[in-house]
Amino acid sequence: MRKYFWLLCLMAASATAHAQKEIVFGIFPYVSPSELVRYHAPLRQYLSRALDRPVTLVTAPDFKALIERTQRGEYDIVLTAPHLGRLAQIRDGYQPVVRTRHEVQGLFLARKDAGIAKLEDIKGKRIMMAEPLAIIFHMAEGLLNEHGVFLGKNATLIETKAHNNAMYAPLRDEADVGVTGFRLWEGLPPEEKDKLVVVAATRKVPGFFVLAHQRMPAAEVERLRRALLEFEHSPEGPADYAVKSLKGFSKIEAKDLAVLDPYVKFLLERP
């Protein structure tokens with residue numbers, strides 16, 4: 001019953017439905033809602049205790065909806081992709097709090113028997129990637145262009161909603177190449193990983209960002225920052241995905257923000 005309740009909370013369309021004293025914590029939809037519950041329930045429980053206020057996890061059906069809801073200020077706190085976090089800071093009145101220690105990197109995967117050993121071999125092939133709002137899409141497209149591969153011209157793009165779909169695409173013959181995140185690749189079962197080869201890797205950018213809306217009092221934002229920096233040492237920390245796979249939280253440096261500006265430019269210019 002409790003799990004069902006939190007699933008309903010995750011899919012809630014608006015933070016305004018929640019009680020006034022609750023903290024609404026938005027998490028971008030990098031996996032399914034049920035997985036988000038499983039991944040971050042320990043973090044929700046920890047923050048409720050650390051901030052002495054109920055914390056409700058919510059999400060959105062896709063990246064576009066998350067961007068729109070963030071812009072409307074529906075989240076008190078948001079954990080989001082790095083370029084979306086920078087956008088929220090620049091445009092939407094959110095304050096950077098911490099980042100995860102892991103780095104975001106895209107990998108090009110192909111079957112070992114496909115004869116694809118370098119990026120130039122992707123010409124004339126089918127390539128599956130998550131939607132263009134994903135930062136991995138832009139890093140991957142830029143790298144392809146450097147090697148003479150242009151989506152929609154000499155390579156066929158197949159869009160998907162999730163990086164894990166793209167990871168499995170070569171195994172399912174849904175595409176010749178799939179572009180996914182390094183963390184997902186690390187978690188792929190060995191028997192499936194053995195059938196694939198990493199053709200190339202994109203550059204790395206900072207991990208996920210946690211931001212607080214400007215309506216949160218400064219003292220509470222500082223409590224949140226301290227709590228997140230200490231989270232990995234809490235009883236709940238080792239069980240949460242943010243610690244296990246994202247390597248915990250660290251302070252956001254100026255260089256972490258500046259490297260994301262080219263990707264934010266695209267978001268601001270898109271229709």
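The mean positions of the 38 positive and 33 negative charges of the chain lie 2 Å apart. Lys and Arg count as positive, Asp and Glu as negative, while His and the chain ends are not counted. Each charge is placed at NZ of Lys, CZ of Arg, CG of Asp or CD of Glu. The model is predicted: local features need pLDDT of at least 70, side-chain atom pairs count only at pLDDT 80 or more, and totals for chains, interfaces and linings use all residues. Residues are numbered from 1 along each chain as its sequence is written, and side-chain values use heavy atoms, without hydrogens and water.

**Overall build**

- The chain has 12 helices and 11 strands. These are DSSP runs numbered from the N terminus: helices are H or I with at least four residues, strands are E with at least two.
- The radius of gyration is 19 Å, close to the 18 Å of the globule rule for 271 residues, so the chain is as compact as a globular protein of that length. The radius is taken over C-alpha atoms, and the rule is 2.2 Å times the number of residues to the power 0.38.
- Along its principal axes, the C-alpha trace spans about 55 × 40 × 30 Å.

**Burial and contacts**

- Of the 271 residues, 53% are buried. Buried means under 20% relative accessible area, exposed over 50%, and partly exposed in between (1.4 Å probe, protein chains only).
- Among contacts with a separation of 6 or more, 78% join residues 24 or more positions apart. A contact means heavy atoms within 4.5 Å.

**Leu 224**

- Leu 224 sits in helix H9, residues 218-229. Its relative accessible area is 0%, so Leu 224 is buried.
- Beyond neighbours within four places in sequence, Leu 224 contacts Leu 47, Leu 51, Ile 77, Val 97 and Ala 212.
- Leu 109 is 115 residues from Leu 224 along the chain, and their C-alpha atoms are 38 Å apart.

**Helix H12**

- Tyr 263, Val 264 and Leu 267 are buried in H12, residues 261-269. Down the helix axis, the buried residues fall within an arc of 100°, so they line one face. The arc is that of the directions from the axis to the C-beta atoms.
- Pro 262 and Glu 269 are exposed on the other side of H12.
- Cover for the buried residues of H12 includes helix H4 (82-91), helix H5 (135-146) and strand S9 (196-206).

**Glu 131**

- Glu 131 lies in the loop between strand S6 (126-130) and H5. With a relative accessible area of 17%, Glu 131 is buried.
- Not counting residues up to four places away in sequence, Glu 131 touches Asp 62, Phe 63, Phe 137, Glu 159, Thr 160 and Lys 161.
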